[in-house]
Amino acid sequence: MAYPFPSGDGGKVVFQGNFDGRWQLYQMNAADGEVRRLHVSPRDDTHPALSPDGRRLAFISNRNGNDDVWLLDLETGEARAVAPHPGKDGHPKWSADGEWLVFNRTFDPDDKEGDVDSAILRARPDGSELETVSDSRHIETFASFSPDGRSVAFVEWFPDAAGMPARNGEIVLVDIASGARRNLTNSPGFDGYPYWGASGEWIYFSTAVEGPKGREAAVHRINVESGAVERLTALDGMSEVRAIPTADEKRLWFNRESDGRVLIHRLSFGPSRQ
């Protein structure tokens, strides 16, 4: 089970689960743990993200032979591709007003895994007004809108201290109108999976560092203005990743690996842990 994404009130969480040999989309009630399948697909469906009104689900599907952004109407069950492309799409997220989707795209169809280059794009949910938000010479992925929709946070992959390519992830902010960029993080470890909280004050992300047990990860959040960082979960193996807060930023859903399985966890916390 992976990529948990809560509803605004935290009452439900959608996720991808592999229970029968392929990734499919599921929803769980937070109160009683009841799980139901949202959609049946002949291929893998992954990276779910609920719309702000909870009526639509953006996700990635490879049912047509490559990874594209799709939308699922949760009332009718109708699913359709947003902006099909022969390259690889990933990690769609909604703007707070539900008017835009942001995602990463590999333009080269031969780069099957997006390991060479990928850019950040946005589009309307009907696929119109498709435009590139950021396209550096590095891999860029896992984008998230600011609450006002004017900026996007994402992870950009840089060479590490030893010069190895695409090993040092940093959180980068881009102003959509001007294209102005700034690094929000600058650390020797990997910073990734950023998600901009609804307050606009915090960006939630995971940091992986080399520890005595090997590569270990924990969920953090960083204040967008001051740069102050708070660690929210334990540094416990390469497992504390893909964290998404509820709208009130009092609960956090994320992945944790346990006994060889990837599971979904929930953490409750106050407005500040400093």
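Strand E1 (2-6) contributes 3 residues to the lining of the largest cavity, the most of any element, where strands are DSSP runs marked E of at least two residues, numbered from the N terminus. A cavity is a set of points, on a 1 Å grid over the protein atoms alone, where a 1.4 Å probe fits but cannot get out, and its lining residues have an atom within 4 Å of a point. The model is a predicted one, in which local features need pLDDT of at least 70 and side-chain atom pairs count only at pLDDT 80 or more, while totals for chains, interfaces and linings use all residues. Residues are numbered from 1 along each chain as its sequence is written, and side-chain values use heavy atoms, with hydrogens and water left out.

A search of the whole structure finds 1 cavity of 30 Å³ or more, and the largest cavity holds about 70 Å³ of space, a volume being the space filled by probe spheres set on grid points that are joined across faces, edges and corners. Its lining is made by Tyr-3, Pro-4, Phe-5, His-47, Pro-48, His-91, Lys-93, Phe-142, Arg-242 and Ile-244. At least two lining residues each come from E1, E5, strand E9 (88-94) and strand E21 (241-245). By class the lining divides into 6 nonpolar, 2 polar and 2 charged residues, with Ala, Val, Leu, Ile, Met, Phe, Trp, Tyr, Cys and Pro counted as nonpolar, Asp, Glu, Lys and Arg as charged, and the others, Gly among them, as polar.

Next come the pockets, a pocket being an open set of grid points with protein on both sides within 12 Å along at least five of seven lines. The largest pocket has a volume of about 870 Å³, and of the 41 residues that line it, Tyr-3, His-47, Lys-88, His-91 and Glu-113 lie nearest its centre. E9 gives the most to this lining, with 4 residues, and the lining of the largest pocket has 13 nonpolar, 16 polar and 12 charged residues. The second largest pocket has a volume of about 470 Å³; 25 residues line this second pocket, and those closest to its centre are Phe-5, Pro-52, Ala-96, Tyr-195 and Ala-198.

Phe-5 also belongs to the largest nonpolar core, where Phe-5, Leu-57 and Leu-101 touch the most other members among 24 residues. Such a core is a set of buried Ala, Val, Leu, Ile, Met, Phe, Trp, Tyr and Cys residues joined through side-chain atoms within 4.5 Å, and buried means under 20% relative accessible area, exposed over 50% and partly exposed in between, with a 1.4 Å probe and protein chains only. Strands that each supply at least two residues of this core include E5 (45-50), E6 (56-61) and E10 (101-106). Apart from this core lies another, of 18 residues, among them Ala-2, Ile-171, Ala-208 and Ile-222.

Leaving aside neighbours within four places in sequence, Leu-101 is in contact (heavy atoms within 4.5 Å) with residues including Ala-58, Val-69, Trp-94, Leu-121 and Phe-145. Leu-101 also stands opposite Ala-123 in E11, and E10 and E11 run antiparallel, joined by 5 bridges, where two strands pair if DSSP finds at least two bridges between them. In E11, 5 of 5 residues are buried, with Ala-119, Leu-121 and Ala-123 on one side and Ile-120 and Arg-122 on the other. E11 also pairs with strand E12 (residues 131-134) in the antiparallel sense over 3 bridges, and there Ile-120 has Ser-134 as its bridge partner.
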